[in-house]
Amino acid sequence: MKKKEFKTESKKILNMMINSIYTNEEIFLRELISNASDALDKLYYQSLTDKNLDVKKEDLKIKVSFDKDKRTITIRDNGIGMTKEELENNLGTIARSGSELFKLENEKKEDIDIIGQFGVGFYSSFMVSDKVTVLSRSISDDKAYLWESEGADGYLISDATMDSNGTEITLYLKEDNDNHKYSEYLDSYNLERIIKKYSDYITYPIVMDKEVDKKIEETTINSMVPLWKKKKTDVKDEDYFNFYKDRYYDYENPLHIIKSSVEGMVSYDALLFIPSHASMDYYTKEYEKGLELYSKGVLITNKCADLLPDYFSFVKGIVDSEDIDLNISRETMQLNHQVKTIARSIETKIKKELLELLNEKREDYEKFFKEFGNQIKYGIYSSYGMNKEMLQDLLLFHSSHDDKLVTLKEYKERLSEDAKKIYYASGESIAKIKNMPQVENMLDKGIEVLFLTDYLDEFTIKSMHKFEELEFCNVLDENENQEEDDELKKTNEENKDLLTLMKDTLNINDVKFSDKLKNHPVSLVTTGEISLEMEKVLKAMPNSENVSANKVLLINKEHPVYNKIMSLYNSKEETELKDYTKVLYNMALLINGLTVENPNELTEMICNIISK
Ligand code: ADP
């Protein structure tokens, strides 16, 4: 028989395992038991819909045994088993956990660290063994097969026999050496300790043969109470962390743990996690939201999307409810009354916990918002403000007040009673925003301004219309920049022809003289719904070239450029006036933190003016 080769990625991981000097290698047992438990879940779940299968939950179990002389440890389950093809596909290629691990390895993280922090799956058995065999018979096959491998150089699959369905994995432990006593695992006390430490919550019995009253009896080692059924006070943070990292393939601890037990119309236990960072695929189409759904400790589906709204799609975890029918089909889940009730309750709980985090652990919340804030904003924006009530208190924006992140509520609390507006300015960076003349004016007057630097910010605010009774107001909105002074009004009236000529040259909405620009010669403001920043974002999207902001160029009446324009106009130097106008417009773009549309044309005009 010819040995088959592992896929390249698998080979790499395997080599890492074989050569690992990882001190926490005992997790190999946790990995194999977890696979066995999954296999039991799968079988039980299938039996619920397949009338030909007669499976009793109480018969399902995992057995761990060892042989001191042969130096082997065996883990056996009577679960779903694997066909020949499945053995080939599942064990010849690295599975999901492995591929995540692989990505990290490429980022050159410490190998040792990775092994500890990830669930590394079946291959972790090679940390302690120089040979592994997998004997398996699938529930849908009457033949059994034996998979065997001595490491990275390949594996063999041959025909075998087995009385019933299930999988038996045998590890041939490595020889002891000066640094390492693998034979320590050939000991019931030690194996028991490891099982209790990592696999106590597995919902099936993990049994070992033990001597009781001089007779060998099968004894259950684990308590079988799943972690999510235990009281928070009875569980160490460390246990939650390990559970999370192992299950959701994260290498960092979660930022926040949510534990909830609800008794009522629909009762359930939930153990939820807010990750400390967005996974690599989080903001891609590939990401699938969802929670694991259990009924009475039996897994129904490992991704029930209907339990989470899109704006909380980052939440991971488990819901276990005895009120959900075990036979619920995945297709009708969405319409299921109980599922809907739980989803609503979970949504409220998540929000409450996030608000608590915001109020009590601000630093953690800001970290959360940095990672997942866009999802919250998108939740408001994409629903045209419909989710506003649910989400608005979770928003953070950078504020001129102490240059910190603030909530809208905090902004409001600082306002005087008669104030009616929340002022904001949007731009590429905080530095650029701070340079805008209008922002300078506001800050001079002691008005707090929100600095919106994220492309979603302004769209979010627009779709909210108001926060409570306060209106959102862009400092670059023309209404905020209207002349209040009668004399200025008169100047604008009297120079209508000049201003129209300039406006037509630029093909924008209006050109006006202003007295609000402090030392700046010019500035751009807008009228209507679309601001300059929004125009920038919209233009960057496909098929939206036609959207543009209604622009108004303001020229500082107190600045020497005013006199220059007047004199050009009065001496009828129209060509020059037009060039000046264009230069001023481009200057305004720069002052507003935007980019110049045609740098070549601009530099040419400036050269012309300089060389005159
Ligand atoms: P993971 O558990 O992360 O998917 P593993 O490398 O541990 O990765 O296992 C790969 C696959 O092999 C599993 O997804 C499962 O389909 C199959 N498998 C492993 N152990 C068993 C088992 N005891 N019974 C049935 N299938 C198993």
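Student: What should I know before I start?

Tutor: The model is predicted, so local features need pLDDT of at least 70 and side-chain atom pairs count only at pLDDT 80 or more, while totals for chains, interfaces and linings use all residues. Residues are numbered from 1 along each chain as its sequence is written, and side-chain values use heavy atoms, with hydrogens and water left out.

Student: How many helices and strands does the protein have?

Tutor: Helices (H or I, at least four residues) and strands (E, at least two) are DSSP runs, numbered from the N terminus. Here there are 20 helices and 22 strands.

Student: What radius of gyration does the protein have?

Tutor: This value is taken over C-alpha atoms, and the globule rule is 2.2 Å times the number of residues to the power 0.38. A compact globule of 612 residues would come near 25 Å, but the protein has 34 Å. Its C-alpha atoms fill a box of roughly 115 × 55 × 45 Å along the principal axes.

Student: In what order do the strands of the open sheet stand?

Tutor: Strands of a sheet pair through backbone hydrogen bonds, either parallel or antiparallel. Two strands count as paired if DSSP finds at least two bridges between them. In this open sheet, 5 strands run in the order E9-E10-E13-E11-E12, with mixed pairing. Strands E9 (256-262) and E12 (298-304) are at the edges with a single partner strand each, so one side of each has no neighbour in the sheet. For a closer look, E10 (residues 268-274) pairs with E13 (residues 316-320) in the antiparallel sense over 5 bridges, and alanine 270 stands opposite valine 319 in E13.

Student: At what angle do helices H16 and H18 pack?

Tutor: Axes are lines fitted to C-alpha atoms, for helices over the stretch in contact, and angles run from 0 to 180 degrees between N-to-C directions. H16 (residues 496-506) and H18 (residues 560-570) pack at about 100 degrees, with axes 11 Å apart. That makes H16 roughly perpendicular to H18; angles under 35 degrees count as roughly parallel, over 145 as roughly antiparallel, 65 to 115 as roughly perpendicular and the rest as oblique. Contact means heavy atoms within 4.5 Å, and Asp497, Leu498, Leu501 and Met502 of H16 make it with Ile565, Met566 and Tyr569 of H18.

Student: And how do H18 and H19 pack?

Tutor: H18 and H19 (residues 574-591) pack at about 155 degrees, with axes 9 Å apart. That makes H18 roughly antiparallel to H19.
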